[in-house]
Every structure is written in C-alpha cells, then in structure tokens.
Amino acid sequence: MSSSPVTRRSMLARLMIGGAAVALPDWGGTVWAAAPSGVRLTDGTLTIDYDRAMRAQLSFGGKSITTRGTPEALFVSDRPLGTFLLLDHAEAPVSGVHGKGRQHRLRATAGGQVEQGTAITFLDAYPGLALYEVSYRNTGTAPLAVSGWRVATHDLRAHRGGAWTFAGASYPDRRDWIQKVAPGFDQRNFMGMNASDYGGGTPVAVVWRRDVGLAIGHVETSPRQVALPVSMQPDATRLGLSGDQTVLLAPGATLTLPFSFLMAHEGDHFRPLDAYRRLMAERGVAAPSIPESSYGPIWCAWGYERNFTLDQVYGTLPKAKALGFEWAVLDDGWQTAEGDWKLNPAKFPRGDKDMRAVTDRIKADGMRPRLWLAPLAVDPGTDLLRDHADMLLLDRNGSAQNVSFWNAFTLCPAYQPTVDYFRALVRRIMVDWGYEGLKLDGQHLNGVAPCYNPAHRHERPEESSEKLQDFWKAIHDEAIAANPQAVVELCPCGDSFAFYNLLGTNNTPASDPLSSWQIRLKGKTFKALMGPSAPYAGDHVELSDGGADFASTYGIGAIPSTKFTWPKDTPKPMEKLPPGGFVLTPAKEALWGKWVALYREHMLPKGRYLGGLYDIGFDKPEAHAIEKDGVLHYAFYADHWSGPIALHGLGEGDYTLVDGFSGQSLGTASRLKPTLAATFDHALLVRATPMTRGVA
C-alpha cells in the first residue's frame, strides 16, 4: 500500500505561471496496487465510485445521488484532454491539522501524454466530506498549452421537489445568495471580479434537494481566481470547481490545482458552510475574538445623508440612547474626499478639535462613537492621488480599477505604502479623535482585481487579491491596539461576503439588503461562516420590508440597527425618501423601543444558532432557531400562515410556549408533541422554556 502519503508540503520546486501552481511531485516510496478496473472510496457516509476511465458516481448513505460523469478534467484548446485511464490506487491512514482520516491516491494517464494524480482524504471528524488534491504532470516530450481544468464536478440528480443553491460569488445586481434552481439556471460563480468593483466571495457552492445536498469549494488559505459554476441540466443540477488560467506546462512539470473539498450532506447550505469554517480555522483562517461591544445596538447618522449637520446628530443622540441603542455612527460626509480623508472645514472649522468634540459629545450622551470610512478608494483630483499615484491598482493595460458609487479608483492593498497610509489613518481616528469603532464601507472592499502596477513589484499580479485579507487584518489589529473593545465593521455593500476578510472584522452587517429575505438568509450564512454566536447586524431596519421589520433581525439572532431621524428628515435628500421618510414618529418610537428592549433582554446573538434544524429553502414556513441558556427561541416567517408548525430540537420533558413578542401564552409542547397550531402574517416568534425552569 502506501509508506509515504503525499502532502502539499511534499510538492517540490513550486512556480507560479499565469496564476496556477506548477510543481514537480515527490511520490516517495509508494507501493501501488495493480491497475484496477475501478475503485470504490468511502467513509461510510459519502461513497465515490471511479471506473477504469476515471468516471465517477457519488452515493450518500448507500443511495446513488449523481449520474456517472468525468469529475476531473484538463483542458487544452478549451477541450478536455482525452480519456484518463486508471493506473493504480493506494490507501493509507493519515493524521494532520484536520485530525485523523484515510487517504486514497489514484494515478491515471491520458495516452502517456499527461498523468493525473488524485489524492482524496476522508476525515474522521467530518463524515461525508472528502478533501481533494489533484495534479497533472506532463509526461510527454513537448510543452502542453493548458487552457483550463475542473475538479469534483458532478450532476446531482433531479428530485420532484426541485433544488436550491447557495453561491458565494459577488455580482453588481446584488442578487440573493440563496436561489431556487429554476429551468435555465446557469451561474458561473467566479471568485474574481464580476464588475469593476464587485468581486471576491466565499469559495463554496452548494446545491441541495429536500433529501440530500452537495457542496464544493476550495480550502486554500487565500483567494484564488476560480469559478464554482452551478447550472440546471435536463435531469440534474451540475456543480463543480473550475479554472481557466492558461499555463504552458513544460515536459516533466506538474500543474497542481487548488486544495479542494466535496461534501454530501442533509439540509440546506448551513452544514457545509459550518464544516468549511471549521476546516479553515484548522488551517489558520478564522475570525478574530469578538469583544462585548460588538453586540451593541446601532444608530447611524446616514438618515441625514452626506449633508448632515452636527446639530442634527447631537439632537438625535438622546432619542437613540433612550431607545436602547448603544452605538452612534458618523457616516459618509465628514471628509473632504475619498482618499484624502481630511476633515470637511464647513463642518469642522477647527479641524481635529472639532472632531474630538464630536466623540466627547457622543460619549457624554452615554453612547459609543463609530466612524464611517471607505478604505482603498481614492477620488480623482485628491492630494493623495497627485502625490501617491504609485498606490493605484492597475490592470494589464495600465488602467485603474473603478469604484462606481464614488467615481473613485482602487488602491492596491498588497502595496506596503497603501497599508502604512491606512494604518496611520486608523491610529488618528482611534487615538487622536477618540472613536471606538470603524464602519468600513463599499462594494470594492470585498475583492480586487490582479494588479499589474510595475511600481509594486508583485511576484504575481494575483498578489493584490490574495493579500487583501492581510490588509484588513492590519486595519483590525491597529484598531484593537488602540482600543481592545474596538468594533471593526466591514460592509461590502451587496457583495457575497469574502470569507478571507473575516480575519479583519468582528462585526458584519446585512450590507445593504434588498429585502427582509436577504437579511435572514445572510444571517443564517454568517452564523455558519463566523460561528453560531456571530455578531451580525440586520443593517438599517429602514432597508427591510416595510422599513420596520425588526422581527427578521430579532428572530435570526441579529443586532438591531437603524438610521432614523428626529425630529425631522434632512431637508435636501440625495435620493427620494420613502413614504413617511425616516422620522421617528411616536408610533415608531413605541414599537422600536419594545424591539430593542426585547433584544437587550434576551441577547439572542450570544446564543447558539441552530442552523441544522430547519431548511431555509424547503421548510414552510421559513424557520430559524436559537438556544440561549436552555431556552429555545423560534422564528417563523411567511406572508400568511395558518396551520401546524414544527418545533424541532426540543429536549426531554415539557416546554411552556409563549409568543416571543407579546408574551401571550401559546400552550405547551414536547419532543413527542412538537407541533403548534398557528395563524400569523409575516412573522411569529415562539419562546420555548423547559417547565423545570419555570414559565418564560
């Protein structure tokens, strides 16, 4: 069998050509089994059956779930390179950062021209998940012009109930991260830039039916320019991992593809994303520790827009404090321009003294000050662009990357002078001005294009996107050094959040949601990617359905946030105000005060979000559950519902049930009788308390 399991560290002489890793392999002293007609790989949950032609079929729990196809392929001139025939197979136990498991290694050849090496590892701690290490070695005598590749690409068979998909890619139309797979559905899910200022994301795609799902992604410790396409087929939904970087593969050289995973699972996207988070943490990529301050409710001055006055802000602070909001955010409009970040003299005529007076006033009113900032954006005509044009991120033609909303350009996060400039700015904000948090805003923050600026001397253009996470970590570390309770909020407006950027944030918002549905689906996603007690904010409630849907924020364990104005709206809004504007009316004050009081009483974000109990795609009504101090908090959502609802996750004994908002009794339930007859419009909150603990 095997005496020296292959690892990524055993790959020698690694080079980078066109964004793809090229290496010479060291297979050690492996003793290979005789060439088989096929091979079955399994951990008892997920089974991968390869035939002699390296075509594969997947089974989950003993049941076939995919059609047989060719999951791995190398493309030359945009066509798959012939048929790979299985040469041999070896198996051995392994142990590493992910714990113990078993590794299978397969070799195959395409007519002696190219050898495919595939290492598939099942981990004891992750049933149903397989890690993939795939490489292609040019065994011919001439260079090979590779135009692309694919890994772990499978067709999940159709089911009468249809399928749903989660995609971690970012698009300028700010589409839902979770969608129904409808006829004609075809989404490339490219992890690079899908517009000049929309790109990056979480490199995972999930497709699930009511009974089973498949997830695919890569577990590299920095972003890669790859795609995770999902498309509707005649009798299936296809998903996989692919790349189209061109590589000239010399004789004897090896193309090593991104370290990847495939997972078969039950339920929606929560379980595979939770497994992905834990895998990445074991590989050193994880969100930082969360300060207590991250859970404070948020009032933001953005209701007054860029033309805010300090009198408007000061006049609203007492109302915000009285309603229970903890943070006061000074938003866009304090600066002269994006890039220079100098104080607007019309608002701060005494400069730093006036800005320090703002934070002193906010603190005196019993709140915490947070400041808006759009790092990496620089406006034309700014001093920074005039004096430090070398900071610009440039494409291969020497053009700048546009940031559309501000008509600005993007700075390169992998250029040390850029990093140093923003670290100094953060020190000024946190130390000199006295802010206790940052709101880092803009769709361009999520991902950047490869940088070809010769002044930066990048080893590869992709360094700009791969080192974006290091930039955010530098900002976070600078803020925490100034104040250990500092909140570093990252708001990549409408993007599908880049997992790698979690290294530099301890607070995430719904980031300009287009609906209450987006608030909830993003919340479930963040609870998987950051952990079940992640400090996720529902963003300004004014962006929710009806402009007042605190139920969607509260029920998923999110932090309440608002941009209300008082006693009147800004007189010259940039955009047309919604009916009624953003003014805090007496009716709103009474209602919102109750929601914030409920939030502060139960602090559901600090509970344990139970993302595996309900399927956000198939379960009706839509349901979410949180366990906090032994009490189960349920939230159900539908335009209108009349009928039974199921309370999953109940423990032993009986529970008393109350309406989570009104406190009205809803009877009792138990594991043996977990259903509740309910009629509601939009939302129903249910609090289930074990009877031994008393009435909720």
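Which helix lies across strand S25 and strand S26? In this predicted model, the answer is helix H3, residues 352-364, which runs at about 140° to S26.

Those two strands belong to an open sheet of six strands with parallel pairing, in the order S31-S30-S26-S25-S24-S34. Strands S31 and S34 stand at the edges with a single partner strand each, so one side of each has no neighbour in the sheet. One place to look is Trp299, whose bridge partner in S34 is Thr562.

Another helix, H7, packs on the sheet as well, where it touches strands S30 and S31.

| Helix | Residues | Strands | Angle |
|---|---|---|---|
| H3 | residues 352-364 | S25 (327-330), S26 (368-373) | about 140° to S26 |
| H7 | residues 468-482 | S30 (437-441), S31 | about 160° with S30 |

Now for the spaces inside. How many cavities of 30 Å³ or more are there? The count comes to nine, and the largest cavity holds about 130 Å³ of space. Its lining has 18 residues, and the closest to the centre are Met191, Gly200, Gly201, Pro223 and Asn446. What is the make-up of the lining of this largest cavity? Its residues divide into eight nonpolar, nine polar and one charged.

Notes: Residues numbered from 1 in each chain as written. Predicted model: local features only at pLDDT ≥ 70, side-chain atom pairs only at ≥ 80, totals over all residues. Heavy atoms only, no water. Pairing = 2+ DSSP bridges. Helix = DSSP H or I, 4+ residues; strand = E, 2+ residues; numbered from the N terminus. Contact = heavy atoms within 4.5 Å. Axes fitted to C-alpha atoms, helices over the stretch in contact; angles between N-to-C directions. 1 Å grid on protein atoms, 1.4 Å probe; cavity = no way out; pocket = protein on both sides within 12 Å on 5 of 7 lines; lining within 4 Å. Points joined across faces, edges and corners; volume = space filled by probe spheres on them. Nonpolar A, V, L, I, M, F, W, Y, C, P; charged D, E, K, R; others polar.
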